[in-house]
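Hello,

Here is the structure I promised to pass on to you. Please have a look at it first, and then read on for my notes.

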Amino acid sequence: MKLRVILGMLAILLTLAPASLRSQENRDVQVWLTSADKSALFQQQKTLRFSGDTPGASKEPSIEIDDHQTFQTIDGFGFALTGGSAQHLAHMDPAKRAALLKELFAVDGKNIGISYLRISIGSSDLNDHVYSYDDLLAGETDPQLAKFNLAPDRAELLPVLKEILAINPDIRILGSPWSAPPWMKTNNNAKGGSLKPEYYSTYANYFVKYLQGMKVEGIRIDAITIQNEPLNDKNTPSMLMSAEEEALFIKDHLGPAFQAATIRTKIILYDHNCDVPEYAITILKDPQASPYVDGSGFHLYGGEITAMSDVHNAFPQKNLYFTEFMAVEPTEPARISISKPVVGTFIGALQNWSRNVLLWNLAANSKFEPHTDNGGCPICQGAVTIDGNEVTRNLAYYAMAHFSKFVRPGSVRIASSSPPDLPNVALKTADGKAVLVVVNEAKSPQVFRVQYRGSSFVTTLNPGAAGTYVW
């Protein structure tokens with residue numbers, strides 16, 4: 001009789017225990033799948049269910065998740081909304097555009113919930129023409145920025161941004177310049193050259209005017225990078241800026257200008273490939289520049305994604321951001337190489353301390369237009385292809401959806417083991433859900449077990465497939 005009483009009391013205590021201490025047994029697991037053969041393209045699958053563990057009895061590989069080990073907080077996932085992307089969206093019929101924007105930025109139903117955008121400060125190489133916000137005739141200068149104007153963005157970019165903000169008012173926006181106005185540069189050209197030292201303060205005020213102007217438009221810029229790809233002078237537009245020059249610009253000009261104007265927009269340095277982490281480390285070592293800097297941004301067209309961890313280990317108090325990579329379709333149209341961007345970009349960046357993942361770019365047409373002449377990107381595929389009102393969803397769209405829909409801003413990365421051929425990343429959302437994204441890199445189907453808080457479920461992924469599991 002005493003035993004029954006004790007067991008009854010234990011049962012009551014378990015029901016009163018915090019959810020974090022209870023077994024997950026009998027909890028449902030939602031599954032979303034993309035298969036390499038395109039038989040499933042971010043499609044919801046049959047619900048799985050946790051069951052009690054039987055230690056030592058199972059032989060399948062196991063992913064063990066430990067939500068007591070936490071890492072970085074997540075700011076969001078999304079794309080570059082280039083001028084070209086905005087142009088295609090702006091030219092759609094209003095109802096078609098509204099439906100597509102809802103699909104991209106809302107979270108309910110099958111919508112994929114993009115939560116972060118990168119826009120160019122002035123034109124990028126995916127605009128149909130080059131411009132800054134203070135373009136002058138040859139030989140003219142404007143050190144007081146009297147002619148500064150956001151007019152080039154008012155036709156297409158700003159209206160599209162406002163329509164997006166109506167769907168998700170909390171979306172984070174990163175602004176990145178491809179070049180200063182040519183009259184501020186050593187070669188008086190939009191392509192290449194460097195910022196003249198005498199215009200450092202003027203260019204800092206250019207950023208201030210941009211952020212203030214966007215605020216007037218009702219658009220809050222969460223962060224800026226100082227220069228897109230500062231070691232690349234091949235794009236049109238582009239501008240070279242060494243680590244030493246960027247450090248000087250931050251500590252003596254941009255940081256103080258932001259402080260004087262009470263601007264709280266984050267400053268993110270570097271914004272280029274993982275092959276030169278020393279660039280970021282050089283600036284973060286500068287005791288005068290570092291206090292103004294929130295963190296460092298990285299692309300992945302060169303180097304290894306682990307370089308982000310090198311910077312984190314050197315300066316763990318500073319944040320890291322993954323600001324650009326392009327995911328393109330395979331040459332074999334019957335298949336989709338979903339594993340490549342999910343593993344190499346998303347899982348790689350998140351496992352190396354990034355707070356976000358941004359892909360290049362949101363939209364282009366089937367000819368990869370528009371782009372600038374003599375230095376624009378003629379092969380840059382959008383996450384969606386827009387030809388008039390016709391929309392095609394591409395590799396980057398599906399890779400993004402596996403994360404953006406479920407891993408909302410405020411989520412935290414948690415620990416997960418990585419059995420051979422099953423790269424993965426686990427996260428805990430702000431409302432207490434767990435999200436696990438797994439890819440099968442083996443050449444045969446993989447049966448594996450997911451263990452979490454004393455319970456587990458078993459599932460299978462075919463070769464090259466990506467699965468998102470939510471509970």
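**Helix packing and a disulfide**

Helix α6, residues 200–216, packs against helix α7, residues 243–260, at an angle of about 50°, and their axes lie 9 Å apart. Please keep in mind as you read that this is a predicted model. An angle of 65 to 115 degrees would count as roughly perpendicular and one under 35 degrees as roughly parallel; α6 and α7 are therefore oblique to each other. The crossing of α6 and α7 is right-handed.

Helix α7 has a second contact to look at, with helix α8, which covers residues 277–284. Here the packing angle is about 35°, with the axes of α7 and α8 9 Å apart. α7 and α8 also cross in a right-handed way. From α7, the residues taking part are Ala243, Glu244, Glu246, Ala247 and Ile250, and from α8 they are Tyr279, Thr282 and Ile283. The contact of α7 with α8 divides into five nonpolar residues, one polar and two charged.

Now to the cysteines. How many disulfides does a search of the whole structure find? The search turns up one. It joins Cys377 and Cys380, whose sulfur atoms are 2.0 Å apart. The link between Cys377 and Cys380 is right-handed, with 100° about the S-S bond.

Are Cys377 and Cys380 buried or exposed? The cut-off for buried is under 20% relative accessible area. Cys377 has 13% relative accessibility, so it counts as buried. Cys380 is buried because its relative accessible area is 4%.

Cys274, by contrast, is in no disulfide: the nearest cysteine sulfur belongs to Cys380 and is 18 Å away. For a disulfide, the two sulfur atoms would have to be within 2.5 Å. With a relative accessible area of 3%, Cys274 is buried too.

After that, you could turn to the link of Cys377 and Cys380.

Conventions. Residues numbered from 1 in each chain as written. Predicted model: local features only at pLDDT ≥ 70, side-chain atom pairs only at ≥ 80, totals over all residues. Heavy atoms only, no water. Buried < 20%, exposed > 50% of the residue type's maximum accessible area, 1.4 Å probe, protein only. Axes fitted to C-alpha atoms, helices over the stretch in contact; angles between N-to-C directions. Helix = DSSP H or I, 4+ residues; strand = E, 2+ residues; numbered from the N terminus. Parallel < 35°, antiparallel > 145°, perpendicular 65-115°, else oblique. Left-handed = near helix turned anticlockwise from the far one by under 90°. Contact = heavy atoms within 4.5 Å. Nonpolar A, V, L, I, M, F, W, Y, C, P; charged D, E, K, R; others polar.
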